[in-house]
Amino acid sequence: MKFKHTIISQSTAIGNAGIGIIRISGKNSYNITKIILNKKKIKNRYAYFCKFKNNKKKIIDHIILIFYKKPKSYTGEDTLEIQCHGGQKIIEYIINQILKLKIKNLRISKPGEFTKRAFLNNKIDLIQAESINNLINANSENDINSSILSLEGHLTKKIKKNINIINNINIKILKYINFKEQNITKKKYKKLYNKLKKIFYNINKILKKIKKNEIIKEGIKIIVIGKPNTGKSSLTNYLTKKNNSIITNIKGTTRDLIKEYIYINNICIEIIDTTGIRKTKNKIEKIGIKKTIKEIKKSKIIIYIINYKEKYNKILKIFKKIKIKIKKHQKLIIIRNKIDLIKNKKNIKEKINIINISIKKKKGLKVLLKKIKKNIKKINNNENKFYTNKRHLLLIKKTFKNIKYIINKIKNKKNTIIDLNIINKKLYNSEKNLNNIIGKKITTKNKIINKIFKNFCIGK
């Protein structure tokens, strides 16, 4: 695309550093390079060392200049990168001096404008653009790995594959409509049904992965539950290495949920200390127990603490009482605390796997941590986990709904005429949704595009 303005901005973070990078992109980038270097011809992708002078011919800094000729640049247009010393005042001074040059339509860039131009010039798709921003703002190794996979095009390939299948099916449907073959044969219906089932399976697989990604991105919830005075707060304090949970011998000390965030294996973990589950007349405690039950349903790992006197078969009775069922995707870890108070440990007979610990004496805690890490690894499952966001999830959900509607329509009306125009419309909308994920056929004025790039930093 041709853009009227040549844009300039600082690409490195604001503040003092060893090196500062200034990026210039647009049709006048070459002219700026010639003025700074005082040369008629500039080599492409060649590093020039020179002295940057102000409008009074006074030396400001020693810089390195690299010119990238279009289309082989980040934005797909002529681009200039200036490497200078990283003092914030030096960078600002150089930018101001370049803006004072007699260069037509030169201005400071808007947030994300360099990447937006890269997208509009087909250098990257919208998923890749979003993953670049996620890579910049990554908080963990997990974020970095998923961003790189999307940047490499893993999700794009899956989306494009399904766009092509939907497009090919819709071409055939349009042929049937145009040639008025409304009464298509059973064989053709069967072929159509099988192809749609394949898309349904593919989209469902992507949908599940995106949902899982969103859960992990928000953080894996670990909830610590049990009766009062079993050591829930002590365990929470141990895991978070903080003393935010109050510890006393008085039953019902924790009246509300206490939430803390930590990182285990570079994954954000939300640890929730809860109200002791028991029969109580206290209104505040009752509210706390209701909140606990809600959080149990949302949590991925449930740590149930029993004390040294409690038997394992009572756990199941307690779950029945509070109407909680442990689902397949949830991991239950049962631990017995205060084993230092048990005189004869040979009497402990267990039919289920219980981890015996003493928080006070710091016994068995390494075994517990190992178990928690193992479960986190199972939940996370890093393999081929690409970057996704809520925008992708919404559009995939819409696509899934459309395909499911068509499949059910064909399945329920085996021997009757199906309106092919409805199928055509649903497939067209599905293709449109998938194209919106990668940003295909989207214009510069699109509100979604502007919203996405507003979240970028100015120099990217």
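A search of the whole structure for disulfides (pairs of cysteine sulfur atoms within 2.5 Å) finds 0. A disulfide is a covalent bond between the sulfur atoms of two cysteines. Cys84 has a relative accessible area of 4% and is buried, whereas Cys457, with a relative accessible area of 38%, is partly exposed. Here buried denotes a relative accessible area under 20%, exposed one over 50%, and partly exposed a value in between, for a 1.4 Å probe and protein chains only. The structure is a predicted model, in which local features need pLDDT of at least 70 and side-chain atom pairs count only at pLDDT 80 or more, while totals for chains, interfaces and linings use all residues. Residues are numbered from 1 along each chain as its sequence is written, and side-chain values use heavy atoms, with hydrogens and water left out.

The protein has 460 residues, of which 48% count as buried. Its secondary structure comprises 14 helices and 12 strands; helices (H or I, at least four residues) and strands (E, at least two) are DSSP runs numbered from the N terminus. Contact is defined as heavy atoms within 4.5 Å. Among contacts in the protein with a separation of 6 or more, 66% are accounted for by residues 24 or more positions apart.

Two helix pairs were examined for their packing. Axes are lines fitted to C-alpha atoms, for helices over the stretch in contact, and angles run from 0 to 180 degrees between N-to-C directions. Helix α6 (residues 154-178) packs with helix α13 (residues 420-438) at an angle of about 155°, their axes being 9 Å apart. This makes α6 roughly antiparallel to α13, given that angles under 35 degrees count as roughly parallel, over 145 as roughly antiparallel, 65 to 115 as roughly perpendicular and the rest as oblique. The crossing of α6 and α13 is left-handed; a crossing is so described if the near helix is turned anticlockwise from the far one by less than a right angle, and as right-handed if clockwise. By class, the contact of α6 with α13 contains 15 nonpolar, 8 polar and 2 charged residues. In this classification Ala, Val, Leu, Ile, Met, Phe, Trp, Tyr, Cys and Pro are nonpolar, Asp, Glu, Lys and Arg are charged, and the others, Gly among them, are polar.

In the second pair, the axes of helix α3 (residues 113-120) and helix α14 (residues 447-454) come within 9 Å and cross at roughly 140°. The two helices α3 and α14 are therefore oblique to each other, and their crossing is right-handed. From α3, Thr115, Lys116 and Phe119 meet Ile449, Asn450 and Phe453 of α14. The contact of α3 with α14 has 3 nonpolar, 2 polar and 1 charged residues by class.

Helix α8 (232-240) is largely enclosed by the rest of the structure, because 8 of its 9 residues are buried. The buried residues are Lys232, Ser233, Ser234, Leu235, Thr236, Asn237, Leu239 and Thr240. Their cover includes β7, β8 (258-264), β9 (267-273), β10 (301-306), β11 and α11 (365-380). Just after α8, Lys241 adopts a positive phi of about 60°. Asn229, in the loop between β7 (220-226) and α8, also has a positive phi, of about 65°, although it is not a glycine. With 27% relative accessibility, Asn229 counts as partly exposed. A positive phi near 65° is likewise found at Lys338, a residue other than glycine. Lys338 is situated in the loop between β11 (331-336) and β12 (354-356), where Lys338 is partly exposed at 28% relative accessibility.

The loop between β4 (59-68) and β5 (79-86) contains Glu77, which is buried at 7% relative accessibility. Beyond its neighbours within four places in sequence, Glu77 is in contact with Phe3, Ser25, Gly26, Tyr68, Lys70, Arg117 and Asn121. Lys70, one of these contacts, is joined to Pro71 by a cis peptide bond with omega near 0°. Pro71 also lies in the loop between β4 and β5.

Asn142 belongs to helix α5 (residues 141-151) and is buried, at 7% relative accessibility. Asn142 and Asn265 are separated by 123 residues in sequence, and their C-alpha atoms are 8.9 Å apart in space.
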